[in-house]
Amino acid sequence: MGAEHVDLPEVVVHVGDGAGAPRAVDPARPGADAVNPAPDHPFLLLTRGPDHIQARYLPDGTYEIEHIASTDHRHLFTTDAVLVRDVVWSWIQGDTWWSHTVAWTTVDPALAEIDALRAELTDMLDGMSLLDSVTDDLDAALARADELLTAEPDFDDG
């Protein structure tokens, strides 16, 4: 990797379990979060100001690395975990190796917008499934109430 090193602002580390947005962790006290980031924590997001790099472990066993800085949005896919580690470490160190040596693909802004819309709709539809379970419980309660109301009363005082 290149020898260029620049003093940069603090890097904030985030991890996620795939169920929601990544959450910040303290690298000095990682706890159980840092033991093995994949597959339990398939998101690793590192931010430095507005600049960020994210590595995701995908269900098919590949990794996606995404870099966003202002209007520059690039990504790559690989099955090589060592390459993921090297790219992320180079980015953290402020080395240019990660940017100049790796074959990145520029993400079309229109595709990025479609992907953001898909994620937003997915979140919205996940909320709808919660309403489905509430509706199912209400339907079951109303069915039980109908059953009790139509039952023949037992007035036998025997």
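Analyst: Helices (H or I, at least four residues) and strands (E, at least two) are DSSP runs, numbered from the N terminus. On that basis the protein chain runs β-β-β-β-β-β-α-α-β-α from the N terminus on. That gives three helices and seven strands. The model is predicted: local features need pLDDT of at least 70, side-chain atom pairs count only at pLDDT 80 or more, and totals for chains, interfaces and linings use all residues. Residues are numbered from 1 along each chain as its sequence is written, and side-chain values use heavy atoms, with hydrogens and water left out.

User: Why is Trp98 called buried?

Analyst: Buried means under 20% relative accessible area, exposed over 50%, and partly exposed in between (1.4 Å probe, protein chains only). Trp98 has 9%, so Trp98 is buried. Trp104 has 14%, so Trp104 also counts as buried. Of the 158 residues of the protein chain, 28% count as buried.

User: What makes Trp98 and Trp104 an aromatic pair, and which kind?

Analyst: Rings of Phe, Tyr and Trp (its six-membered ring) pair if their centres lie within 6.5 Å. Planes under 30 degrees apart count as stacked, over 60 as edge-to-face and the rest as tilted. Trp98 and Trp104 are 5.8 Å apart, centre to centre, with 90 degrees between the planes. The pair is therefore edge-to-face. A search of the whole structure finds two aromatic pairs.

User: How do you know that the charged end of Arg48 sits over the ring of Trp91?

Analyst: The rule asks for NZ of Lys or CZ of Arg within 6 Å of the ring centre and within 35 degrees of the ring normal. The charged end of Arg48 is 4.2 Å from the centre of the Trp91 ring. That value meets the distance cut-off, and the pair is listed as a charge over a ring.

User: What makes the span of α1 close to the expected one?

Analyst: The expected span is 1.5 Å times one less than the number of residues. Helix α1 (residues 81-93) has 13 residues, and 18 Å is expected. From first C-alpha to last, α1 reaches 18 Å. At the N-terminal end, Asp80 caps α1, with a side-chain oxygen 3.0 Å from the backbone nitrogen of Val82. After α1 comes Gly94, with a positive phi near 80 degrees.

User: Which residues of α1 are buried, and what covers them?

Analyst: The buried ones are Val84, Asp86, Val87, Val88, Ser90 and Trp91. Their cover includes β3 (43-48), β4 (51-57), β5 (63-69), β6 (72-78) and α2 (97-100).

User: Why is Glu10 called exposed, and what does Glu10 touch?

Analyst: Glu10 has a relative accessible area of 66%, so Glu10 passes the cut-off for exposed. Glu10 lies in the segment before β1 (12-16). Contact means heavy atoms within 4.5 Å. Glu10 touches Thr47 and Arg48, not counting residues up to four places away in sequence. Glu10 and Arg48 are 38 residues apart in sequence and 6.1 Å apart in space, C-alpha to C-alpha.

User: Where is His14, and is His14 buried or exposed?

Analyst: His14 is in strand β1. With a relative accessible area of 15%, His14 is buried.

How values were computed. Polar contact = N/O pair within 3.5 Å; in protein donor to acceptor, adjacent residues only side chain to side chain.
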